[in-house]
Each structure stands twice: as C-alpha cells, then as structure tokens.
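Dear colleague,

I am passing on the structure below, and my notes on it follow. Please read them with the coordinates open.

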Amino acid sequence: MMIFFQIISFLILPIFVGGLIRLIRARAQNRRGPGVLQVWKDIFRFLGKDSIDAALGNFFARMSPLVALVSMLIAWSIVCFEWTSFVYLVFFLTLERFSTTSFAMETGTSFGGMGVSREMLLAVSAEPTIILMILIAQTHIQMDVSLADFSMGFLFLIACFYAILAELAKPPFDDPRTHLELTMVHEAMLLEASGRKMGFFEISYQIKTATLLTLLVKLALEHTKFHKNDYLSPDWISFWVTPAVLCLAVTLGIWESICARRKWTWIPELMGLIFLIILFLGTLVKLNDL
C-alpha cells in the first residue's frame, strides 16, 4: 500500500504543484489566472519546437538541459521513494544548479551573467542551511505531544520553509514578475533557451519545486509522535504526503501574492540568521528527545 501512494505522489505532484501555485497567487490578487495545467501545456508547446542555439553555445549549451532534467528526476525519486539518504539530495540540487548556470555563462549574455551572480549568492546562502536541515532530520528526531516540542518544531519548519524559498528563488529572495534588470534569477539564466531546451529546463524546475516541498512535508510528518490511530500511523504517512504538499503549494501561492522582494544585501543576513535558528532549534529538539 505504501509503495502505491509513493507512486501516486511521484506522478501527480510535479504536474499540479507549479500550476497550483500560479493559480492561487492569481486568485489571491483578484485575477483569474492560468489553469492548473497551463504550465505543462506551455512545456509541451516548447517540446514540440526545435531549439535555436546561441552563437557562442557549445557543449554545455547542448547538454545542460538534459543534465538538469535527469538530476532533478533522481532527486525527486530520492525524496519520493527514500531509496537512499536525503543527504545525496544536495548533490543533485547542486548538479542542477551547475547545469543551469553553465548554460547561462556559455551563451554569453549580460543578463545571463547577472542571473548567475544572483543564483550563486542564493546558492552559498541556502545550500549550507539545507544540508544542516537534512542532517538534523536524518538523526530521526521524534517529537512528543507537548506545547514546547510543538513550538520548537513549528519554528524549525518555518525556518526550513525560508531556506526552500531561497533555493527556489521565491519571494522575498526573488520576484520573477518584476523588471529583468532589477531582479530575476531563474528566468534571467534561461533567456537564450528555446524549444526543447526550454521545455527540459521548465520540467526540471517543476520537479525541483515538488521535490523541496515534499521534503519539507516529510520532515514534518516523519519526525513526530502525534500518530494516535491507524490512519495517522507511520505506515500511512505516504498517503498524507500528496494532500499535504498540495496544501503547502496553496500556502506558497498566497505567500507569493502578499510578499515583496527584499534587497539583495539583505539576503546573506537573513540566511545566516535562518542557519543559526535551524542549528539552535535542532539542537534543542535533539537534546529534549534524549
């Protein structure tokens, strides 16, 4: 039964999460917005077209889209099926970032270079925090049913949520709806992508979004002692992952509609504070568990 729910999550979540975020963000701003499947309609349109290679593009420009897609598929399978430690997830996230940044650098545009510089700032800020978050989770902390444990666990998940926002270049770290010269990370690096290459990059980003949101949900579900009946037992955690991730996507859509991007000079300070919060709360929860 557990493997059945895991397969359902593996197939469904990358399809609906990205479109649901866009739809909820539009509705929260009193706009009709695109349909839930509009993201994948655009992707299929990209996949049906040939790519136009940049004049300076070479090996990385050809291989980067495929490398980004494969790395995210492996990372998604790790989170979904848990066939190895979550620590390896960071390697594939880094590989996806390397492929995207190398594509932007090899095409040689100034906008791509600015997007890469911003992406690297987010990378050095977010990746140590995500590594720490995963290492704390891999210690198999089990939180008791108490107000103190619930408060510490909730604050820990809020800090992890901010780290995921930085990894995905979401507000308040980035806002793709503003002017290109002022912001944009992911979109700026893909200005020279077209056709199938753009489709591969978009698929990898949708999978990346589902991967990180599912990781956060599993951290919340698998490390508590709140399971009081058969339908909330550890054997049924896989059943609750899909609806929980969809609810988190709704929350993220509302968050994007009300949150504004901050200054880039503010980002290292915030991420340093989040790193300390995760370290402090993780230490407290672990000591309390002992």
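How does F10 count at 24% relative accessibility: buried, partly exposed or exposed? F10 counts as partly exposed at that value, where buried means under 20% relative accessible area, exposed over 50% and partly exposed in between, with a 1.4 Å probe and protein chains only.

Before going further, please note that this is a predicted model, in which local features need pLDDT of at least 70 and side-chain atom pairs count only at pLDDT 80 or more, while totals for chains, interfaces and linings use all residues. Residues are numbered from 1 along each chain as its sequence is written, and side-chain values use heavy atoms, with hydrogens and water left out.

The chain has 10 helices and zero strands, helices (H or I, at least four residues) and strands (E, at least two) being DSSP runs numbered from the N terminus. Of its 290 residues, 49% are buried.

To return to F10, its ring and that of W76 have centres 6.0 Å apart and planes at 15°, so the pair is stacked; rings of Phe, Tyr and Trp (its six-membered ring) pair if their centres lie within 6.5 Å, and planes under 30 degrees apart count as stacked, over 60 as edge-to-face and the rest as tilted. Because F10 lies in helix α1 (residues 2-28) and W76 in helix α3 (residues 59-81), the pair ties together parts that are 66 residues apart in sequence. W76 is buried, with a relative accessible area of 1%. F10 also forms a tilted aromatic pair with F81, at 5.3 Å centre to centre and 40° between the planes, and F81 is partly exposed at 27%.

Finally, E127 in helix α5 (residues 110-137) is buried, with a relative accessible area of 16%. Its side chain is joined to that of R97 by a polar contact of 2.5 Å, a polar contact being a pair of N or O atoms within 3.5 Å, where within protein one must be able to donate a hydrogen and the other to accept it, and residues adjacent in sequence count only if both atoms are side-chain atoms.
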